[in-house]
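The exercises below are meant to be worked with the sequence and the model side by side. Please try each task before reading its solution.

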Amino acid sequence: KPHAPGGDYHGDGIMRRYSGVSVKRVDGVPSHLEYVKGTGWLYIADTGNKRVLRFDDSATKQEKVIQGFLGDGKHYGYSQPKVEELVPAPDGGLQQPSGIAVHGDTLYVGDAATGKIHAFDTTADAGAGGFGKHIKTFATGLPAGKLGGIEVGPDQRLYLLDRGGKLFRVDP
């Protein structure tokens, strides 16, 4: 249930921990998650491992209730998730996947190391536990390390934030 901003009561919350999905961070580079309601897919920018994963939370197996901190609600442990890896972008792959956004069947992935945004078709089967077909690359003009989060707005346009605090719109 919602609580007041800054509130710290989480006794009515549910925490889920998934084993079998390991990610690695890069200091100073934000990694992002995007959950697509209705599909069950959680997309993960795994910056330290230079990849993007998705997993289907409905395909996991509940193992046990985990003891948490007093007042933190219920904690559940899950295992055996269905995990798929995004096929690499054609020009050397993704060096530091950071911001991600999903719109329909398109996954946008920002690369913090290059300042580029890559678009992928999420419905394409890449075989061997992979997904996605590279559609297009957008050069943002931002230098390495400046591309932050990306999002598709209600106007169906792609927005990106540079790490200096400026907001840009891309018309894909």
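Strands, like helices, are DSSP runs numbered from the N terminus (a strand is E over at least two residues, a helix is H or I over at least four), and two strands pair if DSSP finds at least two bridges between them. The model is predicted, so local features need pLDDT of at least 70 and side-chain atom pairs count only at pLDDT 80 or more, while totals for chains, interfaces and linings use all residues. Residues are numbered from 1 along each chain as its sequence is written, and side-chain values use heavy atoms, with hydrogens and water left out.

**Exercise 1.** Work out in what order the three strands of the open sheet are arranged.

Solution. Step one is the order, which is 12-13-14, with antiparallel pairing. Step two is to find the edges: strand 12 (147-152) and strand 14 (167-170) each pair on one side only. Step three is the twist, which averages 25° from one strand to the next; the axes behind such angles are lines fitted to C-alpha atoms, for helices over the stretch in contact, and angles run from 0 to 180 degrees between N-to-C directions.

**Exercise 2.** Follow the pairing of strand 13 with strand 12 and with strand 14.

Solution. Begin with strand 12, which pairs with strand 13 (residues 158-162) in the antiparallel sense over four bridges; in strand 13, Asp-162 is the bridge partner of Leu-147. Strand 13 is also joined to strand 14 by four bridges, again running antiparallel, and here Tyr-159 stands opposite Arg-169 in strand 14. Finally, look at the connection: strand 13 and strand 14 form a hairpin with four residues between them, and Gly-165 in the turn has a positive phi of about 100°.

**Exercise 3.** Locate Lys-50 and Gln-156, which have a positive phi although neither is a glycine, and decide whether each is buried, partly exposed or exposed.

Solution. As background, most residues other than glycine have a negative phi. Lys-50, with a phi of about 55°, lies in the loop between strand 3 (41-46) and strand 4 (51-56). Gln-156, with a phi of about 70°, lies in the loop between strand 12 and strand 13. For accessibility, buried means under 20% relative accessible area, exposed over 50%, and partly exposed in between, using a 1.4 Å probe and protein chains only. Lys-50 has 55% relative accessibility and therefore counts as exposed, whereas Gln-156, at 45%, counts as partly exposed.

**Exercise 4.** Classify the two aromatic pairs that a search of the whole structure finds.

Solution. Rings of Phe, Tyr and Trp (its six-membered ring) pair if their centres lie within 6.5 Å; planes under 30 degrees apart count as stacked, over 60 as edge-to-face and the rest as tilted. The rings of Tyr-43 and Phe-131 have centres 6.0 Å apart and planes at 65°, so this pair is edge-to-face. Because Tyr-43 lies in strand 3 and Phe-131 in strand 11 (residues 130-139), the pair ties together parts that are 88 residues apart in sequence, and both residues are buried. The rings of Tyr-108 and Phe-138 have centres 6.4 Å apart and planes at 45°, so this pair is tilted. Since Tyr-108 lies in strand 9 (residues 106-111) and Phe-138 in strand 11, the parts tied together are 30 residues apart in sequence. Tyr-108 counts as buried at 10% relative accessibility, and Phe-138 is buried with a relative accessible area of 10%.
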